[in-house]
Amino acid sequence: MSIKVENITKLYASQKALDNVTFQVNTGEIVGFLGPNGAGKSTLMKIITGYITATDGKVYVNDIDVEENSIEVRKKIGYLPENNPLYHEMYVREYLQYIASIYKLGKDTKNKIEAIIEQTGLTDEQHKKIGALSKGYRQRVGLAQALIHDPEVLILDEPTSGLDPNQIVEIRNLISEAGKEKTVLLSTHIMQEVEAICGRIIIIDKGMIKADDSKRDIYSRIEKKTNTIMVEFDVDIEVEMLRHIKGVMDARWLEGKTYLVEAAHYDDIRPAIFRFAVDNGLTVLSMQLKEQSLEEVFRSLTT
């Protein structure tokens, strides 16, 4: 067991930031930790990493009590906080040497630094000052410091915040690669990121766990009331024609020659749409059943 959170509560005066939170993350899992701003994500991550203490409850990392053995736990964790605190006046290689000295890597220091610079794509930037780097490369430096001691557990708080689409893909690939050998708890607001790399999703709101399921099963958390079909024909048609197909509840134009058709969730009307096309001399260029999205589940559970 890599991370075990048992009945964690955190109070700030009378405000309850976390309310009896319990979950486990097993070795080798990449878990997406989602929640609106102020839900308690960063607070819990700080408790897991030993930066702050809980008001009540216990956290174990590899069966080590975080509160009783904070230093030992930190040896096993790589942590990238949301604001990625770095020493901007230090050079990249100099900074990583400093981090390596904190972890007392000893004679392995040089090899570890070389390996992590290559792994995080910092080879061409290693002799630059951190403050002169783009935000994407500063995030790479943050990941490098979290990985340099080869931790068993990675705690990443908004690792792609503020990055452009290309930088997001690059950092996502780094996390996916690291997750092949480590346990990863990843906090983010980017749903596509979670769907791309996480096998399990935990949703928290107002300090309480609202969902904890595999990516495949998380969508069952909200009741599906309709099936939505996206269909493209070879010519424009009147939307009202689609509404007269048996089983159709509603239809509307989307863009170009593409339309959205809704039916009851238990009714697959795709065969009826094909028959409609044949009867009216139309060609169906594409037809797709629109799946529920993680964003819909998130909004349903946290609104």
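Trainee: Within what distance do the axes of helix 3 and helix 5 come, and at roughly what angle do they cross?

Mentor: Two packed helices are described by the angle between their axes and the distance between the axes. This is a predicted model, in which local features need pLDDT of at least 70 and side-chain atom pairs count only at pLDDT 80 or more, while totals for chains, interfaces and linings use all residues. Residues are numbered from 1 along each chain as its sequence is written, and side-chain values use heavy atoms, with hydrogens and water left out. Here the axes of helix 3 (residues 92–102) and helix 5 (residues 135–147) come within 10 Å and cross at roughly 25 degrees. Helices (H or I, at least four residues) and strands (E, at least two) are DSSP runs numbered from the N terminus, and axes are lines fitted to C-alpha atoms, for helices over the stretch in contact, with angles from 0 to 180 degrees between N-to-C directions.

Trainee: Are helix 3 and helix 5 roughly parallel or antiparallel to each other, and which residues make the contact?

Mentor: Helix 3 and helix 5 are therefore roughly parallel to each other, since angles under 35 degrees count as roughly parallel, over 145 as roughly antiparallel, 65 to 115 as roughly perpendicular and the rest as oblique. The contact (heavy atoms within 4.5 Å) is made by Val92, Tyr95, Leu96 and Ile99 of helix 3 and by Val141, Ala144 and Gln145 of helix 5.

Trainee: How should I read a sheet, and what is the order of the six strands in the open sheet?

Mentor: Strands of a sheet pair through backbone hydrogen bonds, either parallel or antiparallel. Two strands pair if DSSP finds at least two bridges between them. In this structure the six strands have the order 6-7-8-3-9-10, with mixed pairing. Strand 6 (77–80) and strand 10 (208–214) stand at the edges with a single partner strand each, so one side of each is left without a neighbour in the sheet. Strand 6 and strand 7 (residues 153–157) pair in the parallel sense over four bridges, and Gly78 stands opposite Leu154 in strand 7. Helix 5 packs on this sheet, touching strand 6 and strand 7, and its direction makes about 160 degrees with that of strand 6.

Trainee: In the sheet of four strands, what is the order, and which strands does helix 1 lie across?

Mentor: That open sheet has the order 2-1-4-5 with antiparallel pairing, and its edge strands are strand 2 (15–25) and strand 5 (64–65). Seven bridges join strand 1 (residues 3–12) to strand 2, where the bridge partner of Ile8 is Val21. Helix 1 (residues 41–48) lies across strand 1, strand 2 and strand 4 (56–61), running at about 120 degrees to strand 1.
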